[in-house]
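Subject: Structure handover and findings

Hello,

Here is the structure you will be working with.

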Amino acid sequence: MTVRFFSFGKDSMVDTFYAIGLVMRLCQSVSLLELLHIYVGIESNHLLPRFLQLTERIIILFVVITSQEEVQGKYVVCVLFIFWNLLDMVRYTYSMLSVIGISYAVLTWLSQTLWMPIYPLCVLAEAFAIYQSLPYFESFGTYSTKLPFDLSIYFPYVLKIYLMMLFIGMYFTYSHLYSERRDILGIFPIKKKKM
């Protein structure tokens, strides 16, 4: 009985993409509207950090996971979906209520704090998804192409460069989110008294 219970959990983790992959692709595509909301002033966030965050999700979901069926059954997909949805559930609830002028201290704190441990874990999971996808991109040649004049694009190299840029983008986004948190929550460093 115990063995069946644990095997059910493993199967469900492996089948995550097949169960909700379409919904995740739809939701992540619709989330691009957030950039428009920021641009026209409905939301008061900064455009570049949100653009970086949404772009990394779109690339991971559509380019890395969706294009390689072998990656879709990996545990990292389930972990990514949990992290993304946890962050989005809190962030979008907070943003929606803020737009209509409703504020809850606990939700504000949660929205401004939850990302601190989870966003770096998201980036690590995204990097791991890329790492796991590299052998499949190499063997199948997906997105690799030969250009005129003896030039070619070898997509695993593009992914390796993107992997480095992912961590650079994480530093920029994390710094921005931290300063935004400080401004919203009014947290300032404690100044030492002069003696």
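The notes below go from the overall fold to single residues.

This is a predicted model: local features need pLDDT of at least 70, side-chain atom pairs count only at pLDDT 80 or more, and totals for chains, interfaces and linings use all residues. Residues are numbered from 1 along each chain as its sequence is written, and side-chain values use heavy atoms, with hydrogens and water left out.

**Overall fold**

The protein chain has nine helices and two strands. Both are DSSP runs, numbered from the N terminus: helices are H or I with at least four residues, strands are E with at least two. The order along the sequence is α-α-α-α-α-α-α-α-β-β-α.

Of the 195 residues in the protein chain, 37% are buried. Buried means under 20% relative accessible area, exposed over 50%, and partly exposed in between (1.4 Å probe, protein chains only). The protein chain exposes about 12,400 Å², with 71% of it from carbon and sulfur atoms. These areas come from the Shrake-Rupley method with a 1.4 Å probe; for residues, only the protein chains shown count as cover.

Take the contacts between residues at least 6 apart in sequence: 72% of them join residues at least 24 apart. A contact means heavy atoms within 4.5 Å.

**Annotated spans**

The unreviewed UniProt entry lists residues 92-110 and 154-174 as "transmembrane region". Its positions are given in the numbering used here, feature names are shortened, and annotations may be inferred rather than shown by experiment. In the model, residues 92-110 are 74% helix and 0% strand, with end C-alpha atoms 12 Å apart. Residues 154-174 are 95% helix and 0% strand, and their end C-alpha atoms lie 31 Å apart.

**Helix 8 and what follows**

Gly141 follows helix 8 and has a positive phi, near 70°. Tyr143 also needs a look: its phi is positive, about 65°, although it is not a glycine. Most residues other than glycine have a negative phi. Tyr143 sits in the loop between helix 8 and strand 1 (145-147). Its relative accessible area is 41%, so it is partly exposed.

Gln68 lies in the loop between helix 4 (47-65) and helix 5 (69-72). It counts as buried because its relative accessibility is 1%. Leaving aside neighbours within four places in sequence, Gln68 contacts Tyr136, Phe137, Phe140 and Thr142.

**Salt bridges**

The count is four salt bridges. The rule is a side-chain nitrogen of Lys or Arg within 4 Å of a carboxyl oxygen of Asp or Glu.

- Arg50 and Glu34 pair at 2.9 Å, N to O. Arg50 is in helix 4 and Glu34 in helix 3 (residues 33-40), so the pair ties together parts 16 residues apart in sequence.
- Asp88 and Arg57 have their closest N and O atoms 2.6 Å apart. Asp88 is in helix 6 (residues 75-99) and Arg57 in helix 4, so the pair ties together parts 31 residues apart in sequence.
- Arg91 and Asp88 pair at 3.0 Å, N to O. They are three residues apart in helix 6, so about one helical turn separates them.

Salt bridges that share partners join Glu34, Arg50, Arg57, Asp88 and Arg91 into one network.

Best regards
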